[in-house]
Amino acid sequence: MGSASASAANVVNHNHKHNVFVYGSLLADDVVRVLLKRIPQSSSAILPGYRRFSIKGRVYPAILPVENKHVTGRVLFGISDPELLVLDEFEDFEYQRTTADVSLVDTADKLQVQTYVWTNKNDPNLYGDWDFEEWRRLHMKDFVKMTAGFVEELELPEAKPRVAAYESFYQQNADNSEMS
């Protein structure tokens, strides 16, 4: 009896659901599917008081608090605790998960969400605005491959953090393209 109730308690913890505002590579269903093994329900949303930046040397964006700006993105609904941990690992040390308020585009409802904010507020590598359509055209295919490699690694005991996986993936590809 004791072990059954203990496992029931664990199940309850896993039923906690999160809403996560995404604004970069996770706008692409292909990336979300590789990471979470499913496509959660989602809705377009606006995050007020933030700005999305491009990052020198990276294909993904960052957001930071900036008055009178807003970021368009989408909210992924019903993210489980284990899935949130996968997203935390994916965002790695470069981002800090933060609670924020967004407005849903369709209903104008306000919603409290989790989102990933760039940790280095004075990063000299942040510039301009990041463009999802350009990213999708130029970088998505490789990014999905890199993400698949990250997920495979994540299941190993010696998993590389995402930034290391990202850097080694893009370094290998640069080396390969220089050879050809």
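1. Start with helix H4 (residues 132-138): Phe-132 and Trp-135 sit three residues apart in it, so about one helical turn separates them. Helices here are DSSP runs of H or I with at least four residues, strands are E runs of at least two, and both are numbered from the N terminus.

2. A word on the source: this is a predicted model, where local features need pLDDT of at least 70, side-chain atom pairs count only at pLDDT 80 or more, and totals for chains, interfaces and linings use all residues. Residues are numbered from 1 along each chain as its sequence is written, and side-chain values use heavy atoms, without hydrogens and water.

3. Back to the rings. The structure has twelve aromatic pairs. Phe-132 and Trp-135 have ring centres 5.7 Å apart and planes at 25°, so they count as stacked (Phe, Tyr and six-membered Trp rings pair with centres within 6.5 Å; planes under 30 degrees apart are stacked, over 60 edge-to-face, the rest tilted). Both residues are buried, meaning under 20% relative accessible area with a 1.4 Å probe, protein chains only; over 50% is exposed, and in between is partly exposed.

4. What does Trp-135 touch, leaving out residues up to four places away in sequence? Its contacts (heavy atoms within 4.5 Å) are Ser-25, Ala-28, Val-31, Val-59, Trp-130, Met-140 and Phe-143.

5. Ring pairs also join Phe-132 and Trp-135 into a cluster whose members include Tyr-60, Phe-90 and Tyr-166.

6. Over in strand E3, have a look at Ser-80. Ser-80 is buried, at 11% relative accessible area, and its C-alpha atom is 9.1 Å from that of Asn-19, 61 residues away along the chain.
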